[in-house]
Amino acid sequence: IFASSRRLKDGGWPQRQWKLTAQGVKRSLDTLLYLLRKYSHEVNEFNFKPREKTAVILHGAGFIGLTIAEVLSLDKNYILRGIADAEAAIYNYEGLDSNILNKLAKEGKLVKEYLGYKEARLLSPEELLRQETDVLITASIDELINENNYAGIKAGVIFEAANNSVNKNVIRSLQDKGVLYVPWLIINGGA
C-alpha cells in the first residue's frame, strides 16, 4: 500500500486514524536497528551499540510525537525515556508511561502534567536534548539541533521525523562525534 499524508477529503488515506507517520517511523527505526545489529562490525564508527531494549527520547508532543510514543509503547523492545512539548520536557531513565501521555493529550494537557501521575524529571525542551538515550527522534521544529546545541547531544542515533529539524551545518560534526544521523526524507518517505 502506498499512503500519502494528504487529507482524506483530498484523496488521501485516513492518516490520523491509521497513524501512518508513526507507523512509518517505527518501521524505519525497526529496519535501521536490525541492520545495525546485523552489520555492527561494519559500522563501528558510530557510538550506537544495540541493546535488548532501545531507549528513545521524543522531541515533540504533538499528534505525530504522541502517536510515535503510542506505537513504540506497544513494542517491548523500546523504552520511552523522555518527551518534550513547546513548554517543557519530562525524562525518566527507567521509562515513561505512554498511556498517561496519551490520556493527557486527549485532555489537551501539557507534558508537564505527567508529573501529577508518575515520577519524572522536569526539564526544558533544550535540556532534554542532552539526556542519555540510544535514539533521539525529532518531531518538533525546524533546526531543533543546531550550532548552539549539537555538541551536547548524547544520543547514538538522531532520527529526524520532522522535516529539517537538524541544521545542515552540524550534520558532519555530529557524524564526526559518532552520531548516526537519519534524515527526514528517508524516515518520511512512505508517510
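In the predicted model, Ile79 is found in strand S2, and with a relative accessible area of 18% this residue falls under the 20% limit and is therefore buried. Across the sequence, Ile79 lies 24 residues from Ala55, yet the C-alpha atoms of the two residues are 4.8 Å apart in space. When residues up to four places away in sequence are not counted, Ile79 touches Thr54, Ala55 and Val56, together with Tyr93, Glu94 and Gly95.

For the protein as a whole, the secondary structure comes to seven helices and seven strands, which follow one another along the sequence in the pattern α-α-β-α-β-β-α-β-α-β-β-α-β-α. The protein has 191 residues, of which 49% count as buried, and its accessible surface comes to about 10300 Å², with 50% of that area belonging to carbon and sulfur atoms. Among the contacts with a separation of 6 or more, 55% are accounted for by residues 24 or more positions apart.

In soluble globular proteins, nonpolar side chains tend to be buried together. In the present model, the largest nonpolar core comprises 35 residues, of which Ile83, Ile137 and Phe159 touch the most other members. At least two residues of this core are supplied by each of helix H2 (20-38), strand S1 (54-59), helix H3 (63-73), strand S2 (78-84), helix H4, strand S5 (135-138), strand S6 (157-160) and strand S7 (180-182). Helix H2 gives the most to this core, with six residues. A second, separate core has 19 residues, including Leu123, Leu136, Leu144 and Ile158.

Strand S5 is covered on both faces, with Val135 and Ile137 buried on one side and Leu136 and Thr138 buried on the other. The pairing of S5 with S1 is parallel and extends over four bridges, and in S5 the bridge partner of Ile57 is Leu136. Strand S5 is likewise joined to S6 by four bridges, and these two strands run parallel; here the bridge partner of Thr138 in S6 is Glu160. For Ile137, once the neighbours within four places in sequence are left aside, the residues in contact are Val25, Leu29, Val56, Ile57, Leu58, His59, Ile68, Leu72, Phe159 and Ala161.

Thr138, which also lies in strand S5, has a relative accessibility of 0% and so counts as buried. With the neighbours within four places in sequence again left aside, Thr138 is in contact with His59, Leu144, Ile145, Ile158, Phe159, Glu160, Ala161, Ala162 and Ser165.

Most residues other than glycine have a negative phi. Asn164, although not a glycine, has a positive phi of about 55°. Asn99 lies in helix H4, which spans residues 98-106, and with a relative accessibility of 58%, over the 50% limit, this residue counts as exposed. The C-alpha atoms of Asn99 and Ala69 are separated by 9.3 Å, the two residues being 30 residues apart along the chain.

Notes
Residues are numbered from 1 along each chain as its sequence is written. This is a predicted model: local features need pLDDT of at least 70, side-chain atom pairs count only at pLDDT 80 or more; totals for chains, interfaces and linings use all residues. Side-chain values use heavy atoms; hydrogens and water are left out. Buried means under 20% relative accessible area, exposed over 50%, partly exposed in between (1.4 Å probe, protein chains only). Contact means heavy atoms within 4.5 Å. Accessible areas come from the Shrake-Rupley method with a 1.4 Å probe; for residues, only the protein chains shown count as cover. A nonpolar core is a set of buried Ala, Val, Leu, Ile, Met, Phe, Trp, Tyr and Cys residues joined through side-chain atoms within 4.5 Å. Two strands pair if DSSP finds at least two bridges between them.
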